[in-house]
Amino acid sequence: MANNDYSLSFILENGMSRGQSVRLSESLDEIIKRHNYPNEIGLVLSQAALLTVLLSAGVKYDGIFTLQIQGEGAVKALVVSLTTDGKIRGYVHYEDADLAKVRFDENGHASLSNLFGKGQMSFTTEKSGQTYQGIIALEGDTLTDCVLDYFEKSEQIGTQIKIEAIPANTEHGWAAGGILIQKMPFDKKMAELLSQKEQDDIWETDVVLLNSVKKEELTDLNLTMEKLLYRLYSMNDLHYFMPSELKFGCQCSQSRVINMLKGFTESDLDGMIKDGKIDITCQFCGEKYEIAPEQIKGAQ
Ligand SMILES: [Zn+2]
């Protein structure tokens, strides 16, 4: 069976632009079916998962890259995390009653203000034991708009992103795809060959080409990302690298749960004990853990 879950890095124009592409299907099926999310929630989760993969490719990190959205609307929290070895997981915290009041269009999309109310998006990474966090304002119609605004204002890096997702149907599971391109800093070596204006024009062409990509192409599981990139950029000195496989995976474990519980006060812990034990369910994968109070104290 073909693997439909992978990311693929590429460069264009002799390295004047870098790019990242992603395709997700089975991993989204796992996340969405495990939680039994309706399509509207599946769609926003898919978009966040695509952006997680695209954004994580631009930063060097150890372990886990986490994208998190906190909201005050129908959706209170959305979290996606990706490990360096390609395991992706996610969950969405929302109330059915609040979701019923959100206005969705015929494609199942709602504006961010409608879904999250006042909210904030952030991404967190760790490198050599140091935590790095980027804050992205949740202002804009779509998650992509917010990320593009972040790159323009905070990082001042020319960036374009296209992501699309469609729910599972009778023929295939969830299907999602995305491409990000980013302008590399002005290259002095290239300056002998191309002026700043010429380099800017080349970048504009790359953006126009990316904007021409269709939803049906990004979500067509029979069209590999290699083929799609070739279709878009074969005339633009496209070089792509080996794809990296992605799959659903959760990092929860008994010892991580115990460590998490060690962060609570004794009286908080006492409040969690039922029938002599603490029951914890992993929000990401649904795995259930039974922890005896002695295990928390014993681990200290
Ligand atoms: Zn888990």
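**View 1. Thr 170 sits in the loop that links β8 (159–166) to β9 (175–183).** Helices (H or I, at least four residues) and strands (E, at least two) are DSSP runs, numbered from the N terminus. Thr 170 is exposed, with 4 other C-beta atoms within 10 Å; the cut-offs are 12 or fewer for exposed, 20 or more for buried and partly exposed in between, with C-beta atoms placed from the backbone. From Thr 170 to Ser 212, 42 residues apart along the chain, the C-alpha separation is 28 Å. Please keep in mind that this is a predicted model, in which local features need pLDDT of at least 70, side-chain atom pairs count only at pLDDT 80 or more, and totals for chains, interfaces and linings use all residues. Residues are numbered from 1 along each chain as its sequence is written.

**View 2. Here is an open sheet of 6 strands, in the order β7-β6-β3-β4-β5-β12.** Its pairing is mixed, where two strands pair if DSSP finds at least two bridges between them. β7 (130–137) and β12 (247–248) are at the edges; each has a single partner strand, so one side of each lacks a neighbour in the sheet.

**View 3. Strand β5 (residues 87–94) meets β12 in parallel, through 2 bridges.** Look for Lys 87, which stands opposite Lys 247 in β12.

**View 4. Helix α2 lies across β3 (64–70), β4 (75–83), β5 and β6 (120–127).** It runs at about 40° to β4, with axes fitted to C-alpha atoms, for helices over the stretch in contact (C-beta atoms within 7 Å, placed from the backbone), and angles taken from 0 to 180 degrees between N-to-C directions. Of the 18 residues in α2, 17 are buried.

How values were computed. Contact = placed C-beta atoms within 7 Å.
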